[in-house]
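These are my notebook entries on one protein model.

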Amino acid sequence: MIVVTGATGQLGQLVIEHLLKRVPASEIAAAVRNPDKAGALAARGIAVREADYDRPETLARSFAAGDKVLLISANEIGRRLPQHQAVIDAARRANVGLLAYTSLLHADTSPLPLAAEHKATEAVLQASGLPVTILRNGWYTENYLAGIDAILAHGAVLGCAGDGRIASAARNDYAEAAAVVMSGSGHVGKTYELAGDQAYTLAGLADEIAAQAGRPIAFHNLPQAEYRGILINAGLPEGLADLLAESDTGAAQGGLFDDSRQLGALIGRPTTSLADSVRSALGKS
């Protein structure tokens, strides 16, 4: 059985879709905090298991010997390590056949503060004695394009990444890579640095949006504190504003760049281009 944690989240749902193209639904289990929200998955023949990172007793019932488990990283920054530890402990007690983890690009050397919990989780995984695969996911292009309506309204991309090169890819690309690993073989013990085939700067992002939208779009590079303040004033929670501003600063230091093209090699096709992602975002706006 292939068990996907966080299966009702944005990444988890996409992983499930790609798995369904590779294995029967009867070989997939969705491990979720609230099974009531997974009715659509159950209706497709996917087993639904309760798995709350904060309730270890549910995790103990979620995994069985020989299962392949995809641990999609928790979204509660600052609480991720104990939550991940609980999953790893349950997987070890169940003697699962593979535990794959969605980490962060170059987690061991990344300048992004976000990397600390991922690096710590990787250390716990490596010490667990389990067969492990690390999927170090780079930035999702959607992280920038989710705000495309505001970009169009103000005629500007705001950030503090300077000339930092960002090798992002679509969330769907990372999901497909996870499905390839979970449904295939030969991945135990490997760490994949996953990023888009082509890199761009935020000025390049602004240019691409301008070209496709047919209107001027500028990139305004701001001090981190000012950018954070703008995000908070726009209604973002302080934690998310901190994450985005700190990540942009990390991007200026090369933290979101990779040119190994391991993601494209793993999924067997080019990663989704910035132009295609912008086109899709404009179609939804």
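I began with His106, which is partly exposed with a relative accessible area of 23%. For this I took buried as under 20% relative accessible area, exposed as over 50% and partly exposed as in between, with a 1.4 Å probe and protein chains only. I found His106 in the loop between strand 5 and helix 5 (115-127). Its phi is near 50°, a positive value in a residue other than glycine. Helices (H or I, at least four residues) and strands (E, at least two) are DSSP runs, numbered from the N terminus.

I note the ground rules here: this is a predicted model, in which local features need pLDDT of at least 70 and side-chain atom pairs count only at pLDDT 80 or more, while totals for chains, interfaces and linings use all residues. Residues are numbered from 1 along each chain as its sequence is written, and side-chain values use heavy atoms, with hydrogens and water left out.

Next I looked up Asn95, in the loop between helix 4 (80-94) and strand 5. Phi of Asn95 is near 60°, again a positive value in a residue other than glycine. Is Asn95 buried or exposed? Asn95 counts as exposed, at 53% relative accessibility.

Thr121 lies in helix 5. I read 0% relative accessibility for Thr121, so Thr121 counts as buried. Which residues does Thr121 touch, not counting those up to four places away in sequence? I listed Leu81, His84, Ile88 and Tyr101. Contact means heavy atoms within 4.5 Å.

Ala275 is placed in helix 13 (residues 274-284). Ala275 counts as partly exposed, at 22% relative accessibility. Leaving aside neighbours within four places in sequence, I found Ala275 in contact with Glu208 and Gln212. Ala211 is 64 residues from Ala275 along the chain, and their C-alpha atoms are separated by 9.7 Å.

Then I turned to the whole protein. I counted 13 helices and nine strands. The radius of gyration is 19 Å, close to the 19 Å that the globule rule gives for 285 residues, so the protein is as compact as a globular protein of that length. The radius is taken over C-alpha atoms, and the rule is 2.2 Å times the number of residues to the power 0.38. Along the principal axes, the C-alpha atoms fill a box of roughly 55 × 35 × 35 Å. Buried residues make up 50% of the 285 residues. Of the contacts between residues at least 6 apart in sequence, 75% join residues at least 24 apart.

Last, I looked up the cores. In soluble globular proteins, nonpolar side chains tend to be buried together. A nonpolar core is a set of buried Ala, Val, Leu, Ile, Met, Phe, Trp, Tyr and Cys residues joined through side-chain atoms within 4.5 Å. The largest one has 35 residues, and those with the most contacts inside it are Val4, Val15, Leu19, Leu70, Met182 and Leu194. Among the elements that each supply at least two residues of this core are strand 1 (2-5), helix 1 (10-20) and helix 8 (171-183). Which element gives the largest share of this core? I noted helix 8, with eight residues. A second, separate core of 28 residues includes Leu104, Ile148, Leu202 and Ile209.
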